[in-house]
Amino acid sequence: MVTHIRRIGFGAMVVAVLVVVSCGHESSPAADGPKAASPALASAINAPSAETTGGFDGARAYKHVEQLVAIGPHPAGSDGIRRAQAYIVEQLKSSGCSVEEQDFHASTPIGSVAMKNILAKIPSANPNIILYASHYDTKRIDNFVGADDAGSSTGVLLELARILCPRKNAQTIWLAFLDGEEAFNFTWADPDHTYGSRELAASLALSGTLRHLKSVILVDMVGPANPVFKRETNSTPWLTEVLWSTAARLGYRNVFVNEETSGIADDHVSFLDRDIPSVDIIDLSVPYWHTTSDTLDKIDPRTLAITGHVLIASLPDLEKKIR
């Protein structure tokens, strides 16, 4: 996956009200007076309120990223990824989602590896399926925790589940947490990548469900400060337009920019190869990509909130397109 993306800054937010976010840990009054907020707490406070982002809570999404990073490295087939799987399933069930675990074995450069796709299925009377996807495995690099790649997108989908699972939707919606996106070798070369998305696409084709799948929205690396999401040229143009025009309407033209980037190989290609309209939201220009510097301090809850806001707000237009 190689591309070049120009970064554009946006102004810092002025936070007038301090909101305390637990970040998953109990706290007790300090005996010696107040202490400075942790960097994680300070970052979560910078998230815009959910009332301004269609109900999507960037602080909640950030908390999920924090918890996944705390697990440590979790490449496919590792003890760490089993802990990540347990966390994702627990959070989905707590949001009222119906959860399906798709276990499979993939043939990789290191042999057969057990993998698991996790699906949250939100039914409706309409059999058409809109699929939101993220991979959750981290790159097989020592001490690589993958806060942006793939913690940020997983956090966004978990927060999306909290909103979508309890409500009635006009279309059937699936949220797919995909295993094995990362190559086992350091370099990306066929067929050593996208094991989970290829398995899911193949299983849907085999069952006949693929004909109901009308669109795939992939999020990947959506956590950096000052992000630039360009229109990725492998992606389906009309589906890209739905998302980018929604972003423009919401005032995010400097994030979802009206420029193209050359095609990126990612999980959405597994569905494009089967003629399913698909789009990839990604900022691959970050200097810490596939390095041990991809840590929690790189994640901006405001970016998570913007991404989630666009996903939620674009859904009505998307539903109209695929009736």
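Colleague: Which residue in S4 is the bridge partner of His 135?

Modeller: Leu 178 of S4 is the bridge partner of His 135. This is a predicted model. Strand S3 (residues 129-135) runs parallel to strand S4 (residues 172-178), and seven bridges join the two.

Colleague: What is the order of the strands in the open sheet?

Modeller: The sheet holds six strands in the order S1-S2-S4-S3-S5-S8, with mixed pairing. From one strand to the next, the twist averages 20°.

Colleague: Which helix packs on the sheet and touches S1, S3, S4 and S5?

Modeller: That is helix H5 (residues 195-207), which also touches strand S2 (111-122). The direction of H5 makes about 115° with that of S1. Helix H6 (residues 237-250) lies across S5 and S8, and runs at about 45° to S8.

Colleague: How is a nonpolar core to be read, and which residues have the most contacts inside the largest one?

Modeller: In soluble globular proteins, nonpolar side chains tend to be buried together. Here the largest nonpolar core has 57 residues, and Tyr 132 and Ile 281 have the most contacts inside it. Helix H4 (residues 147-164) contributes the most to this core, with eight residues. Another core, of 16 residues, lies apart from it and includes Ile 129, Trp 174, Leu 200 and Phe 271. Returning to Ile 281, the residues it touches include Leu 218, Phe 229, Trp 244 and Leu 311. Over the protein chain of 323 residues, 58% are buried.

Colleague: At roughly what angle do the axes of helix H2 and helix H8 cross?

Modeller: The axes of H2 (residues 58-71) and H8 (residues 301-321) cross at roughly 115° and come within 8 Å. The crossing is right-handed. H2 contributes Gly 58, Ala 61, Tyr 62 and Val 65 to the contact, while H8 contributes Pro 301, Leu 304 and Ala 305. By class, six of these residues are nonpolar, one is polar and none is charged.

Colleague: Which backbone values deserve a check, and where is the cis peptide bond?

Modeller: Most residues other than glycine have a negative phi, and most peptide bonds are trans. In this model a cis peptide bond, with omega about -5°, joins Asp 190 and Pro 191; Pro 191 is in the loop between S4 and H5. Asn 143 has a positive phi of about 65° and lies in the loop between S3 and H4. His 290, in the loop between S8 and H8, has a positive phi near 55°.

Colleague: Is Asn 143 buried or exposed?

Modeller: Asn 143 counts as exposed because its relative accessibility is 63%. His 290, by contrast, counts as buried because its relative accessibility is 11%, the cut-off for buried being under 20%.

Key:
Residues numbered from 1 in each chain as written. Predicted model: local features only at pLDDT ≥ 70, side-chain atom pairs only at ≥ 80, totals over all residues. Heavy atoms only, no water. Pairing = 2+ DSSP bridges. Helix = DSSP H or I, 4+ residues; strand = E, 2+ residues; numbered from the N terminus. Axes fitted to C-alpha atoms, helices over the stretch in contact; angles between N-to-C directions. Contact = heavy atoms within 4.5 Å. Left-handed = near helix turned anticlockwise from the far one by under 90°. Nonpolar A, V, L, I, M, F, W, Y, C, P; charged D, E, K, R; others polar. Core = buried A, V, L, I, M, F, W, Y, C linked by side-chain atoms within 4.5 Å. Buried < 20%, exposed > 50% of the residue type's maximum accessible area, 1.4 Å probe, protein only. Lists of a residue's contacts leave out its neighbours within four places in sequence.
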